[in-house]
Amino acid sequence: MKKRFLTLFFICSVAILFAQDYTQTIRGTVTDQDTKQPLIGANVVVVDAESFTGTTTDVEGDFRLEAIPVGRVSLRFSFIGYKPVVLQNLDLTTGKELILEVEMSESVNQLNEVVVTAGEGGNRVLNEMTTVSARSFSVEESQRFAGARNDVSRMASNFAGVNTANDAVNDIVVRGNSPLGVLWRLEGIDIFNPNHFGAAGVTGGPVSMLNNNTLANSDFLTGAFPAMYGNAASGVFDLQMRSGNNEQHEFMGQVGFNGFEFGAEGPINREKGSSYLVNYRYSVLGLMDEIGLNPGTGVGVPRYQDLSLYLDFPNTKIGHLSVFAIGGQNSIDFKNSGTPVDELEDDFYTDGDEDLYNSNYMGVAGVSQTLMWNDQTYSKLILSAQIAQNNVDIDSLAGEARAPTPQYRSANRQEKVSGHFYVNHKRNAANIFRAGLMADINRVDLQDSIYRASESGFRTLTDEQGTASLLRAYAQWKHSFTDELILNTGVYSQHFALNGSTSFEPRAGISWELKPRHTLSAAYGLHNQLAPLGVYFRKTFLNGEYIQTNTDLNFQRSQHVVLGYEYRFQNGLEIKAETYLQSIDRVPVEASPSSYSLLNSGSFGTEIRDSLQNDGSGVNYGIDITFQKPISRGNYFIVNASLYDSKYTGSDGVERNTAFNGNFLLNAVAGKEWQLSGSDSKNKKTLNADIKLTTAGGQRYSDIDFAASQEAQNTVLDDSNPYSNQFKTYFRTDIRIGYKVHFKKLTQEWAIDVQNVTNNDNPLAVTYDWRTGTERIINQLGIFPLMQYRITF
């Protein structure tokens, strides 16, 4: 009898163990979007739950939902007099609590609770003063989209009007603009290029330092920005870091293309709600090389590491304090001197007859204070310091022995101290005001030189140390005539202390929901941007001495006009069309007639010439169309098409195609998720498959000047008619398959991401092969499989 009882007890225990639903906690805070005040008594409901599951916020605006089954969860937040917020298809796992910071906007039309209608949610922009050409993105999108590589910049290439300049780097081309027009903003501060192996003065690189495991949902803008964004011409990444768990310690481990990673977060002081979040990453390929394994990267092995940190202190005597920091260093050496000529491989970075040594580091750290003045007004102060260093050494390989001979040396260092202070005031539900001041104090140390055998030494090209400050001010007003008709207006101004250049830039946008689910929008913005600081300090040898010839350059100026239409279907589908015109003037070009224009610089490096003046111009115009289904029950798709034209005029007065004029772009990205639940489990295993198809106009390129190239034994392009040629149409397919398993206290995930799965040849550039006297084509990324493993607990 006892034996039968034990057997029955064992069978029941096993059945209970395998039949249990794995659950997790969802908690967070609900606040007014404009005042940051907590909303007391807001309703929080789990959508489509088997039985009613919900709660209300407490006096601090906090809510807590416990024992929620893991898997896809949608939440609806409602409060009398406020527009509802629907967060769809959140990914709830056993390895990590889901902590949300929800902001709600007060309704202008009525004081009663607003009724939720189908189709709401999607990619609602976090900055409510943005009218057009903007969308928010989630961390999950950067993790899941095929080909994104956990990189927010590569993820953004899935959006309308956005293309990549080169498969090897994450520079993005927005509506035909140079990547130099992109602004990176982190926690309210404009930061240096946050990418490993990025050259001085550019905005991209092969690997991002921004770790998506530490980012919160953020905004991406592509035109006619509101007044709080300046010194940018094409796009803005407005990034926020997330707070760590303030109740329990959680950990994350990950290994993949971006490196070996370890992350930790948890409470600093549970009673005061303070928390920490830290993540460290080290290059997989660099570690393989260090332990004697061949990473398969040829003559160059990338080595890099980076660190992200966020400390949050929400309840101090001087307000809400936060400390943030990111930093990284990297190096790569291309040593061709040890490789026989007949064994050299195609390489875009070097031409086989030189050794190249590249090393960089970048870091930014800051502190922010949010202070509540009263129920309607708050202010925020952000102070930061940052540094960036870029070093390049090149040795030429001459003769049969291919002995290295010094050729070029470069060491560029830039430091910046920044401050950003703004006040936000909500007069009532219809009128929101924000005004702010920003100051950047830049210190530069720019040095480069080229070896001249006739002089038996290096000739200095640049040797400059100096300070260049940028002062800025802005004011923005949002007026809601009704919930359906909203006007955003503002003004931005900046002053460059180095040469006294000053700009005054009006901004305006209007959005009108003329009937349910139909929205028209229009916006205008005047935008001025500095050239990369190295341009201003460029020296030229004139009349027996080196002098600066670019110091007096004014801002490059562009005017944006955008018209948009959006329709939201009942079932959550969305279609959106935007047409735009960007007129650009005061572009830096050479004083003597030539085809050179700064509009063509930006990917990998910036070609800096002397004796520049603001006499160039350009124009970009086109239409972007997007048809999408935001993530719903784990499934989504985005299909977008862009037709555009991008032209420039140099000092010779001839209008030409820019280097980034592909003329058309078509993207389709989609994914599906399956819950692998059997009779002995529920929502414990998940399989997802994602695919991306991209086709676009081929890269623009210039003819090779063979006579000059033969004499120089290097590639010399024909500057008389640049970018007159175009490679064949670009085509690429990426696929990603992920498998996730939930255990009681942890979650594991395996993924394989195969980029350019068809191994299509996409030409990137032409170079001169001095050994054969012919040109050769350098192709972009071939088939490129990536593996990833991730664990959270």
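**Entry 1: strands E2 and E5**

I began with strand E2 (residues 43–47) and strand E5 (residues 71–78), which pair in the antiparallel sense over five bridges. The model I am reading is a predicted one. Within this pairing I looked up Val45 and found its bridge partner in E5 to be Arg76.

I then placed the pair in its sheet. Four strands form this open sheet, in the order E3-E2-E5-E6, and the pairing is antiparallel. Strand E3 (54–56) and strand E6 (85–92) stand at the edges; each has a single partner strand, so one side of each is left without a neighbour in the sheet. I noted an average twist of 20° from one strand to the next.

**Entry 2: the sheet with E1**

Next I turned to an open sheet of three strands, ordered E4-E1-E7, in which the pairing is mixed. Its edge strands are strand E4 (62–69) and strand E7 (98–104), each of which pairs on one side only. Neighbouring strands here are turned by 25° against each other on average, with direction ignored.

Strand E1 (residues 23–32) and E4 pair in the antiparallel sense, over six bridges. On this pairing I recorded Ile26, which stands opposite Leu65 in E4.

**Entry 3: salt bridges**

I took the total next: the structure holds 38 salt bridges. Side chains of opposite charge can pair when their charged atoms come close.

I examined Lys96 and Glu250, whose side chains meet in a salt bridge at 3.0 Å, N to O. This pair links distant parts of the chain, with Lys96 in the loop between E6 and E7 and Glu250 in strand E17 (residues 250–256), 154 residues apart. Glu250, with a relative accessible area of 3%, is buried.

I also looked up Glu141 and Arg135, whose side chains meet in a salt bridge of 3.2 Å, N to O. Both Glu141 and Arg135 are buried.

A further salt bridge joins Asp690 to Arg144, with the closest N and O atoms 2.8 Å apart. Asp690 lies in strand E38 (residues 685–696) and Arg144 in helix H2 (residues 139–144), so the pair ties together parts 546 residues apart in sequence. I found Asp690 buried, at a relative accessible area of 3%, and Arg144 buried as well, at 4%.

Finally, I recorded a network: salt bridges that share partners join Arg27, Arg64, Glu66, Glu97 and Glu247.

**Entry 4: positive phi**

Most residues other than glycine have a negative phi. I therefore noted Ser133, which is not a glycine and yet has a positive phi of about 50°, and which is buried with a relative accessible area of 3%. Ser133 lies in the loop between E7 and strand E8 (134–137).

Where is Asn756 found? I located Asn756 in the loop between strand E42 (747–755) and strand E43 (763–769). Its phi is near 50°, a positive value in a residue other than glycine. Asn756 counts as buried, because its relative accessibility is 0%.

Technical notes. Residues are numbered from 1 along each chain as its sequence is written. This is a predicted model: local features need pLDDT of at least 70, side-chain atom pairs count only at pLDDT 80 or more; totals for chains, interfaces and linings use all residues. Side-chain values use heavy atoms; hydrogens and water are left out. Two strands pair if DSSP finds at least two bridges between them. Helices (H or I, at least four residues) and strands (E, at least two) are DSSP runs, numbered from the N terminus. Axes are lines fitted to C-alpha atoms, for helices over the stretch in contact, and angles run from 0 to 180 degrees between N-to-C directions. A salt bridge is a side-chain nitrogen of Lys or Arg within 4 Å of a carboxyl oxygen of Asp or Glu. Buried means under 20% relative accessible area, exposed over 50%, partly exposed in between (1.4 Å probe, protein chains only).
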